[in-house]
Amino acid sequence: ANCIGGRVRFLDGTQGVIYVEKLENPSSQPAIDQLYIDVGAASRASCPVKVGDIASFERPFIDLNGRLVSKAMDDRVSVAVMIETLRAIQSTPHELVFVFSTQEEVGLRGATTAGYGVDPDLALAVDVTMAGDTPKGIKMEVALGKGPAIKVRDGGMLADSRVVRWMSETAEKAAIPYQLEVLEGGTTDAKAIQLTRAGVLAGCLSIPTRYIHSPSEMVDLGDVQQAVRLLVE
């Protein structure tokens, strides 16, 4: 349902529209093999793409009064938070390693190898989390505009209680608003890092996000800025 009517762009620049043929049951959700991408080709011979070519959603960034909307906020917003944190850190007595991993959505693969290679004493994943702040949405005590979320648990891991306490006390000391996150489904790179080698103290800093895994994911600018502050602290 998130795809129908959406637009995509292939790596060679070809654009297209996602649509679906008439369904036998109009009230049902179409399967992925019932969707097609119309690239404006008049025939198979003139089609500029082939089976297996990669496309991504084509959707402009918009700012709705400080609510930022874009495709792939999950997980570009976390990359932005980490880059701004790197810029803000002037000096540190610690050895800091920032990892921008790939393939989290398909098995935490980048974090699995990076966690083993870095072998950290302590690790924090930065990722998005869901928000339960729409009138009839999911039941979850995380909302946009109330600060970054400190993960307590999700569908794949329990954050180390010492890390949760350390992050919470740091936020309170610096007067940074924060929320505690319990996510019933899904997980983050923290799961893979927590289980690497003999085990790693691990937690997660989460950015509250509406409409996750759609072409129009939404975050609050204040939450993003406070996430940078908390990570720096």
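This is a predicted model: local features need pLDDT of at least 70, side-chain atom pairs count only at pLDDT 80 or more; totals for chains, interfaces and linings use all residues.
Local features need pLDDT of at least 70, side-chain atom pairs count only at pLDDT 80 or more, and totals for chains, interfaces and linings use all residues. Residues are numbered from 1 along each chain as its sequence is written, and side-chain values use heavy atoms, with hydrogens and water left out.

Q: In what order do the 4 strands of the open sheet stand?
A: Strands are DSSP runs of E with at least two residues, and helices are runs of H or I with at least four, numbered from the N terminus. Two strands pair if DSSP finds at least two bridges between them. The pairing here is mixed, and the order is 7-10-8-9.

Q: Which strands stand at the edges of the sheet?
A: An edge strand here has a single partner strand, so one side is left without a neighbour in the sheet. That applies to strand 7 (122-130) and strand 9 (179-182).

Q: Which strands does helix 3 touch?
A: Contact means heavy atoms within 4.5 Å. Helix 3 (residues 161-173) packs on the sheet. It touches strand 7, strand 8, strand 9 and strand 10.

Q: How are helix 1 and helix 5 oriented to each other?
A: Axes are lines fitted to C-alpha atoms, for helices over the stretch in contact, and angles run from 0 to 180 degrees between N-to-C directions. Helix 1 and helix 5 (residues 221-232) pack at about 50°, with their axes 9 Å apart. Angles under 35 degrees count as roughly parallel, over 145 as roughly antiparallel, 65 to 115 as roughly perpendicular and the rest as oblique. The two helices, helix 1 and helix 5, are therefore oblique.

Q: Where is the residue that a cis peptide bond joins to Asp74?
A: The cis bond joins Asp74 and Asp75, with omega about 20°. Asp75 is found in helix 1.

Q: Is Asn65 buried or exposed?
A: Asn65 lies in the loop between strand 5 (62-64) and strand 6 (67-70). Its phi is near 55°, a positive value in a residue other than glycine. Buried means under 20% relative accessible area, exposed over 50%, and partly exposed in between (1.4 Å probe, protein chains only). At 83% relative accessibility, Asn65 counts as exposed.

Q: What is the relative accessible area of Tyr211?
A: Tyr211 is found in the loop between strand 10 and strand 11 (217-220). It has a positive phi of about 65° although it is not a glycine. Tyr211 is partly exposed, at 42%.
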